[in-house]
Amino acid sequence: MNVGVLLVDDEPLIRAGLRVIVDSEDGLTVLGEAADGAEVPGLVARLRPDVVLMDVRMPAVDGIRATTHLMSTVDDPPKVIVVTTFENDDYVYDALVAGASGFLLKRARPEEIVAAIRTVVAGESLLFPSAIRRLAAQHSPSPSGDGLASAGLTEREREVLRLMATGLSNVEIAGELYLGVQTVKTHVGNVLSKLGARDRTQAVVRAYDSGFVAPSGS
């Protein structure tokens, strides 16, 4: 499978560097570039990328607004990875809440960028779970320990969601719970459906925000 990537950053040098990294990797292709989030809807509609690497802070339309627009207006939106200078940037968590599948630091090594793209496309595990946990800890979750009660998750689905939040892949969850991988995939699918989450990142963010999973890992 060839993965099409759209690059969105107001700095031409950043876009040029990302293009070299992505295009040099087998199975990854840069389909286009944009200098601002305002250009994203039109490019996504025309190019149909699988992944958008999106700068979280841009002068006109930032990565949060662009991500929110994509998730609310595109039937099958691409995966969004927001790119940021600082790991503890509040914009990053807001972008995850808006629908981004993960984030990358601008200083990330080429192999980390490639791995991040492949991870969000596969959807089998969480991208940088410890970093997401730290970001969640900076926000105020609901004090309720059962903030997802209304979602109607079964006990097994709740177990799976807790393990998803730790960053375990479907294969690793299967080993932890002594289940078949296909069974775990079914449970993950049920969790996403019941939470109204597009992917496992959104499900985990919901788990943190509701207080169902404590960012401290407790």
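## Helices, a cavity and some loops

The buried residues of α9 pack against α7, α8 and α10. The model is a predicted one, where local features need pLDDT of at least 70, side-chain atom pairs count only at pLDDT 80 or more, and totals for chains, interfaces and linings use all residues. Residues are numbered from 1 along each chain as its sequence is written, and side-chain values use heavy atoms, with hydrogens and water left out.

A few terms before we start. Helices (H or I, at least four residues) and strands (E, at least two) are DSSP runs, numbered from the N terminus. Buried means under 20% relative accessible area, exposed over 50%, and partly exposed in between (1.4 Å probe, protein chains only). Contact means heavy atoms within 4.5 Å.

**Exercise 1. Work out which residues of α9 are buried and how they sit around the axis.**

Step 1: check the span. The expected span of a helix is 1.5 Å times one less than its number of residues. With 15 residues, α9 reaches 21 Å from its first C-alpha to its last, close to the 21 Å expected.

Step 2: pick out the buried residues of α9, which are Val184, His187, Val188, Val191, Leu192 and Leu195. They cover an arc of only 135° around the axis, which puts them on the same side of α9. (The arc is that of the directions from the helix axis to the C-beta atoms.)

Step 3: look just past the end. Gly196 follows α9, and its phi is positive, near 65°.

**Exercise 2. Find out what lines the largest cavity.**

Step 1: know what you're looking for. On a 1 Å grid over the protein atoms alone, a cavity is a set of points where a 1.4 Å probe fits but cannot get out, and lining residues have an atom within 4 Å of a point.

Step 2: the largest cavity has a volume of about 70 Å³. (A volume is the space filled by probe spheres set on the points, and grid points are joined across faces, edges and corners.)

Step 3: among the lining residues are Lys79, Ser101, Thr119, Val120, Arg200 and Thr201. The elements giving two or more residues to this lining are α5 and α10 (200-210).

**Exercise 3. Look up Ala151 and find its contacts beyond four places in sequence.**

Step 1: Ala151 is in the loop between α6 (129-137) and α7 (155-165). Its relative accessible area is 18%, so Ala151 is buried.

Step 2: leaving aside neighbours within four places in sequence, Ala151 is in contact with Lys194 and Leu195. Ala151 and Leu195 are 44 residues apart along the chain, yet their C-alpha atoms are separated by 6.1 Å.

**Exercise 4. What is the phi of Tyr178, and is the residue buried or exposed?**

Step 1: phi of Tyr178 is near 60°, a positive value in a residue other than glycine. Most residues other than glycine have a negative phi.

Step 2: Tyr178 sits in the loop between α8 (170-177) and α9 (181-195). Tyr178 counts as exposed, at 76% relative accessibility.

Key
1 Å grid on protein atoms, 1.4 Å probe; cavity = no way out; pocket = protein on both sides within 12 Å on 5 of 7 lines; lining within 4 Å.
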